[in-house]
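Notebook open, model loaded. I went through the fold piece by piece and jotted down what I looked up.

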Amino acid sequence: MNPLQDKRIVLGVSGSVAAYKAAELASKLTQAKAQVDVVLSEGAERFISPLTFASLTGRKAYSSLWDSDAHVVHVGLGEAADLLVIAPCSANTLAKLATGQADNLLTLTVLAARCPVLVAPAMDGGMFEHPATQANIQTLRQRGVQVLGPAQGRMASGLLGWGRMLEPAEILGQLRLVLSRGGPLAGRHVLVSAGGTQEPLDPVRYLTNRSSGKQGFALAQAALDLGAQVSLVAGATAASLPTPYGAERIDVDTAAQMAEAILQRAGSADVLIMAAAVADFRPRQVQPHKIKKNLLPQVELEPTPDILLAVAEQRRRIGWPAVVVGFAAESQNLLENAQDKLARKGLSMIVANQVGVPDAGFAVDTNRVSLLWPGGAVEHLPLLSKSEVAEEVLRRVVALLAEG
Ligand code: C5P
């Protein structure tokens, strides 16, 4: 399901000081199991050696047009590529691409390419804002080239401005997104909730739980990888997790805020996956001032709104979302409790996971889950990474959508 797996990516590197960041991108792409062919411009070679890239990708890195085999290489590389990205793309290379020049192996390869082309501009000192560069970018955009960034910030000269290359992680996310287009969830809107909520007691204290949000974020990434449009409602305990690239993220603190965010969107979503550990109860009264420690409080609790019950009610009326997946985290009687929630909350499927064990559940990167469907079917999955669990869940979601 990893959209980068076995894909042929041509990574063009042109002459910018940001060329060192291209090494990280080449490494990340290779780790994601893509086949990465690096093509350097002459300028790039002054900043970084082809050997660096060959060592990171395990494949020959190309530079000079006048290597004995280079005249056929460019056509081969360009035609076989699933995607071509130039990062960093200098002002000079942008200008060459805009006018269709082919005076080095990189620009030749771009002309031979039949795949999506992306460029991540990187240049210093106002060059990006120059009308000539802007016109070149405009030309390339009109031709279907996707322009990534640049970002604003401090540049090598010490100047501040627009011209920094996007970070490799962001470029990688964008490539992943482009390659997942047309997947089995293309055109579908998937709404995912993740992480735990925090229920305030006074301005400095709250009730919360141990959920990290990792499983929910992995589900959002897996849905993106299948081509879905994804909205991710993240609870407070997941605040520090990076947003899967391409997802719309809505950060919330409390169960009430999460309910509002989910109910606002559920009516137009094809799929809802409620992986969040929503607080089941909250302090009845939130004290306006910090409770003094000599006034040991008696905290009265009240139930929070059950989001899935509200969604089930809405779904009975309007029919959306078509598929609703819940989670059951239990420390005892896991399957009985999950079966009960499945029926009570009107779910299409429930993912049951044992908590209170060291290798599954909260915070860790692995999970051991069972999947339950209405009618009594149960499937036990082995110990998997949370990303693998997410892929398995999404596979079932695709099947449920197909059943209609
Ligand atoms: O009833 P319980 O909290 O154990 O059910 C867990 C499932 O219900 C999870 O999918 C969770 O996200 C969802 N839930 C909810 N609203 C709540 C509490 C839990 O939708 N207030």
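Which residue is the bridge partner of Leu-11 in S3? I looked it up, and the partner is Val-85.

**Ground rules.** I am working with a predicted model, where local features need pLDDT of at least 70, side-chain atom pairs count only at pLDDT 80 or more, and totals for chains, interfaces and linings use all residues. Residues are numbered from 1 along each chain as its sequence is written, and side-chain values use heavy atoms, with hydrogens and water left out.

**Whole protein.** I found 13 helices and 21 strands; these are DSSP runs numbered from the N terminus (helices are H or I with at least four residues, strands are E with at least two). The C-alpha trace spans about 75 × 50 × 40 Å along its principal axes. Of the 404 residues, 52% count as buried, where buried means under 20% relative accessible area, exposed over 50%, and partly exposed in between (1.4 Å probe, protein chains only). Among contacts with a separation of 6 or more, 67% come from residues 24 or more positions apart; a contact means heavy atoms within 4.5 Å.

**Domains.** The domain assignment gives domain 1 (8-179) and domain 2 (183-403); such bounds come from an automatic or database assignment. I get 39 Å between the two centres, taken over C-alpha atoms. Five residues of domain 1 are in contact with five residues of domain 2.

**The sheet.** I traced an open sheet of five strands in the order S2-S1-S3-S4-S5, with parallel pairing. S2 and S5 are the edge strands with a single partner each, so one side of each has no neighbour in the sheet. Two strands count as paired if DSSP finds at least two bridges between them. S1 (residues 8-13) is joined to S2 by six bridges, and Ile-9 stands opposite Val-36 in S2. Four bridges join S1 to S3 (residues 83-89), again running parallel.

I also checked S2 (residues 35-40) for burial: five of its six residues are buried, so the strand is largely enclosed by the rest of the structure. S1, helix H1 (residues 19-31) and S2 make a right-handed β-α-β unit. Right-handed here means that, with the strands pointing away from the viewer, the path from the first strand over the helix to the second runs clockwise.

**Helix H7.** Which residues of H7 are buried? I noted Thr-133, Asn-136, Ile-137 and Leu-140. They cover an arc of only 100° around the axis, which puts them on the same side of H7; the arc is taken from the directions from the helix axis to the C-beta atoms. Their cover includes helix H5 (91-98), strand S4 (117-121) and strand S5 (146-147). On the face turned away from the buried side I see the exposed residues Pro-131 and Gln-142.

The twelve residues of H7 (residues 131-142) should span 16 Å at 1.5 Å a residue, and the end C-alpha atoms are 16 Å apart, which agrees. The expected span is 1.5 Å times one less than the number of residues. After H7 comes Gly-144, with a positive phi near 95°.

**Arg-249.** Last stop was Arg-249 in strand S12 (residues 248-251). At 21% relative accessibility, Arg-249 counts as partly exposed. Its C-alpha atom is 4.8 Å from that of Leu-232, 17 residues apart along the chain. Not counting residues up to four places away in sequence, Arg-249 touches several others, including Phe-217, Leu-232, Ala-234 and Pro-242.
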